[in-house]
Amino acid sequence: MVDAAAAGGAKEGMDMIKLENINKYFGELHVLKDVNLEVKEGEKLVIIGPSGSGKSTTVRCMNFLEEPSGGHVYIDGEELTHRNKTQLVRRTTSMVFQQFNLYPHMSVLKNLTLAPMKLHHKSRAEAEELAYHYLDVVGLREKAHVYPTTLSGGQQQRIAIARALCMQSKIILFDEPTSALDPETIQEVLDVMIKLAKENITMVVVTHEMGFARQVADRVVFMADGQILEEGTPDEFFENPQNERLKTFLGKIIRK
């Protein structure tokens, strides 16, 4: 199971993720411009910024869902390449998407046990033990045998988080995990993520939830126009921002 060591403050250990001079083009559109970023083992990193700033593309480059046009990605000390991406990502990284990506024709339990059995060669009994453990973590054990379409959006996203945990990855990437949810279900997902932040899991979270960033992040990064413009601890970031673009962004968000 996941190591339950509490994660307090930015970690001084090894880099679990390192982005080195990452550029990304979609046709003529230059989406990421020389992005450099390091995430320590067990660190909780939150990335914020306006729409179109490159936040999601940055996270998707961390597992080669988007392959960079230039630069280098290192995961757990090993360079991620087109050749080794499947093996390295499966071994180290899970992802929680905006739209859940659950298989509608499979029960919740089958959604959770499929990858551990197929990719990690666990027995059905081992995979189900993991699944029930993480269903307990997200508070949805009683939903094991229902189909995802019978669940609320918030419940589906909590199942998606449980599925990511079943991979027992060192890293979990979250790409705006509450953006597709109704306002009344957002907090139930954030509560699960706050709970996870106490575990020794490396988390990178793209979000617009400033309260979550203040409460959970070891470090917050602000992106705009494909670049990292400022980063710091939550106290530094929210109480004493230096970049004028960040000041304007926070002024609009916090007033809301």
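Phenylalanine 100 is located in the loop that connects strand S6 (93–96) to H3, where helices (H or I, at least four residues) and strands (E, at least two) are DSSP runs numbered from the N terminus. The model is predicted, so that local features need pLDDT of at least 70 and side-chain atom pairs count only at pLDDT 80 or more, whereas totals for chains, interfaces and linings use all residues. Residues are numbered from 1 along each chain as its sequence is written, and side-chain values use heavy atoms, with hydrogens and water left out.

Phenylalanine 100 adopts a positive phi near 70°. Most residues other than glycine have a negative phi. With a relative accessibility of 11%, phenylalanine 100 counts as buried (buried means under 20% relative accessible area, exposed over 50% and partly exposed in between, with a 1.4 Å probe and protein chains only). A positive phi, of about 55°, is also found at asparagine 21, which is not a glycine. Asparagine 21 belongs to strand S1 (residues 15–26) and is partly exposed, its relative accessible area being 39%.

Helix H3 (residues 108–118) packs against helix H4 (residues 124–138) at an angle of about 125°, the axes lying 9 Å apart. Axes are lines fitted to C-alpha atoms, for helices over the stretch in contact, and angles run from 0 to 180 degrees between N-to-C directions. H3 is therefore oblique to H4, given that angles under 35 degrees count as roughly parallel, over 145 as roughly antiparallel, 65 to 115 as roughly perpendicular and the rest as oblique. The crossing of H3 with H4 is right-handed; a crossing is right-handed if the near helix is turned clockwise from the far one by less than a right angle, and left-handed if anticlockwise. On the H3 side, Val108, Leu109, Leu112, Thr113, Pro116 and Met117 are in contact (heavy atoms within 4.5 Å) with Arg124, Ala127, Glu128, Ala131, Tyr132 and Leu135 of H4. The residues of this contact comprise nine nonpolar, one polar and two charged, where Ala, Val, Leu, Ile, Met, Phe, Trp, Tyr, Cys and Pro count as nonpolar, Asp, Glu, Lys and Arg as charged, and the others, Gly among them, as polar.

The axes of H3 and H5 cross at roughly 25° and come within 8 Å, which makes H3 roughly parallel to H5. This crossing is right-handed. Val108, Asn111, Leu112 and Pro116 of H3 meet Ile159, Ala162, Arg163 and Cys166 of H5, a contact with six nonpolar, one polar and one charged residues. Within H3, the buried residues are Val108, Leu109, Asn111, Leu112, Thr113 and Pro116, and their cover includes H4 and H5.

Of the 14 residues of H5, 13 are buried, so the helix is largely enclosed by the rest of the structure.

Asparagine 63 occupies the loop between helix H1 (55–61) and strand S4 (70–75) and is buried at a relative accessible area of 10%. Apart from neighbours within four places in sequence, asparagine 63 contacts Leu80, Val89, Thr93, Met95 and Leu173.
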